[in-house]
Amino acid sequence: MVAPSPYSLVATDLDGTLLRADDTLSERSLAALARAGRAGARHLVVTGRPAPRVRPLLDDLGCTGLAVCGQGAQVYDAGADRLLWSVTLDRELAETALGKIEAEVGQVYAAVDQDGVDGLTLIEPGYLMPHPTLPALRVARRDDLWCAPISKVLLRHHTLSDDELAATARSVVGSLATVTMSGPGTVELQPCGVTKATGLALAADHLGLNSEHAIAFGDMPNDIPMFEWAAYGVAMANAHPELKAMADEITTSNEDDGIAVVLERIFD
């Protein structure tokens, strides 16, 4: 008799983790997730992408259940195409936070993800999308970013590294917002106290699951709260050093099916 797996919840980031560089899913990864599903484990996507940018990938995964989107600001029901839970970033606080950051580092370039299942990604002049395959609407001026409720702000700087920009932002933003780095090229402001872990905990509770039986996969510092929440954290070979330092295991890269390598062993 095969011993049951200790994990009933598999939480995976997307970019740099489950997805390859061309935004595709490998057949091996899909097969490994299916194997985990047959063993009784639930798969939850936990991503910085907002719900509208996740829907096509959930279709590829055959997912009709829940997904955690927007760095934890959204819990999305793919089958019903609705948000079970969402929290927005106050736009006045976001403007204030941007002003504090620019007072330290000079001009930054900003984008926002609007709230809702049909929310747009708006980018101001000078902002370059780190994922050119993702749709975005360029606006004429920064004030146009605040035309509707938002889940987060994305920041870029023309000379500072992501680590440098994130460190400065954290030092001046305080309780105005939570600063995360999900890069490369992506430093973000989201509602204060909201992380991937808060969204994951809500989704898990909705499914009757808990952290004691969760395994999480990621590649960037924004995955640290998720690793702190889950019983076991697996960093990809291509992961940021901060995440590797706290991982329980380091697998192969996203290009080399690192998630599948681990799931095939666990759900053998």
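**Charges, fold and cysteines**

Modeller: In this predicted model, the mean positions of the 20 positive and 37 negative charges of the chain lie 2 Å apart, where Lys and Arg count as positive and Asp and Glu as negative, with His and the chain ends not counted, and where each charge is placed at NZ of Lys, CZ of Arg, CG of Asp or CD of Glu. Local features need pLDDT of at least 70 and side-chain atom pairs pLDDT 80 or more, whereas totals for chains, interfaces and linings use all residues; side-chain values use heavy atoms, without hydrogens and water, and residues are numbered from 1 along each chain as its sequence is written.

The chain contains nine helices and 14 strands, read as DSSP runs (H or I of at least four residues for helices, E of at least two for strands). Its C-alpha trace spans about 65 × 40 × 30 Å along the principal axes, and among contacts (heavy atoms within 4.5 Å) between residues at least 6 apart in sequence, 58% join residues at least 24 apart.

Of the 268 residues, 54% count as buried, meaning under 20% relative accessible area with a 1.4 Å probe and protein chains only, while exposed means over 50% and partly exposed lies in between. On that scale Cys-147, at 56% relative accessibility, is exposed, whereas Cys-192, at 48%, is partly exposed. The structure holds zero disulfides, a disulfide being a pair of cysteine sulfur atoms within 2.5 Å. Carbon and sulfur atoms account for 51% of the accessible surface of about 11200 Å², computed by the Shrake-Rupley method with a 1.4 Å probe.
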